[in-house]
Amino acid sequence: MKLQASLIAAACALALSACGGESPQPADPAVATPPPAPTTPADTTTPAGTAPADDAATPDVPVDAAPLDGTSTATGETGAVDAAGATPAAAGDAAVTGCSVAIEGNDMMKFNVSSITVPASCSEFTINLTHVGRLPEAAMGHNVVIAATSDMAGVAADGISAGASAGYVKAGDSRIIAATEMIGGGESTSVTFDVSKIKDGGPYEFFCSFPGHAALMKGSISVG
């Protein structure tokens, strides 16, 4: 009986030896390799209140520089222009040709010159007046009257009293050195006078005697 038990024990020992000896121990969970940490995706959310950057830079818009010479970049013209686009001429000395001069009056109650110098070599002098406006004589008539500066106000007042039929010039007024007829838009007239009448005394003025015009339409006339 004992022999049988010894054989069984020996057989078991041999079986265990054939199977690799002792049974393998289970892995200690405390030293197990931790799983890789999950990768956190990059935060692409724009923080509140932050404006996103433009994909493309805004191109610079060139600013038109004002030319230093006063030339308009739109028209290429210089100087101030009126509503019609014309450049107004500055009033000044009249351009005398020989012993005559051409002057203009317009619908704005203005002459285009403020002074006339008569050459001393002239014995007679002619003033040619053109009304470059469009208004008729009754509304915007123009003429040229020459008188001493001291007599101008009286001559103009007496002309208004004479009325439109007289061309606003008192007949036989000895204070008047010369006077044209009254004309309307698009018309022309002229007057020739003896230069000796304005050589002495003075100063002398030329003006328009239409009611209310003399305050603006006037200028000096002299011999030089």
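Where is Asp173 found? Select Asp173 and you will land in the loop between H3 and E7. Keep in mind on this tour that you are looking at a predicted model.

**Stop 1: Asp173**

Is Asp173 buried or exposed? Its relative accessibility is 11%, and the cut-off for buried is under 20%, so Asp173 counts as buried. Now show its surroundings. Leaving aside residues up to four places away in sequence, Asp173 touches Val155 and Asp158.

**Stop 2: helix H3**

Next, select residues 152-162, which make up helix H3. This helix lies across three strands: E6 (145-148), E9 and E10. Draw the axes of H3 and E9, and you will find the helix running at about 30° to that strand.

**Stop 3: the open sheet**

Those strands lead us to the sheet. How many strands form the open sheet? There are 6, in the order E1-E4-E10-E9-E6-E7, and their pairing is mixed. Colour E1 (92-93) and E7 (178-179) to pick out the edges. Each of these two has a single partner strand, so one side of each is left without a neighbour in the sheet.

Now zoom in on E9 (residues 204-207) and E10 (residues 218-223). They pair in the antiparallel sense, over 4 bridges. For a handy reference point along this pairing, select Glu205, which stands opposite Ser220 in E10.

**Stop 4**

Time for some rings: the structure holds 3 aromatic pairs.

**Stop 5: Phe125 and Phe193**

For another aromatic pair, select Phe125 and Phe193. Here the ring centres lie 6.2 Å apart with the planes at 65°, so this pair is edge-to-face. Phe125 is in strand E5 (residues 124-131) and Phe193 in strand E8 (residues 188-194), so the pair ties together parts that are 68 residues apart in sequence.

What are the relative accessible areas of the two partners? Phe125 is buried at 0%, and Phe193 is buried as well, at 4%.

Key. Residues numbered from 1 in each chain as written. Predicted model: local features only at pLDDT ≥ 70, side-chain atom pairs only at ≥ 80, totals over all residues. Heavy atoms only, no water. Pairing = 2+ DSSP bridges. Contact = heavy atoms within 4.5 Å. Axes fitted to C-alpha atoms, helices over the stretch in contact; angles between N-to-C directions. Phe/Tyr/Trp six-rings, centres within 6.5 Å; stacked < 30°, edge-to-face > 60°. Buried < 20%, exposed > 50% of the residue type's maximum accessible area, 1.4 Å probe, protein only.
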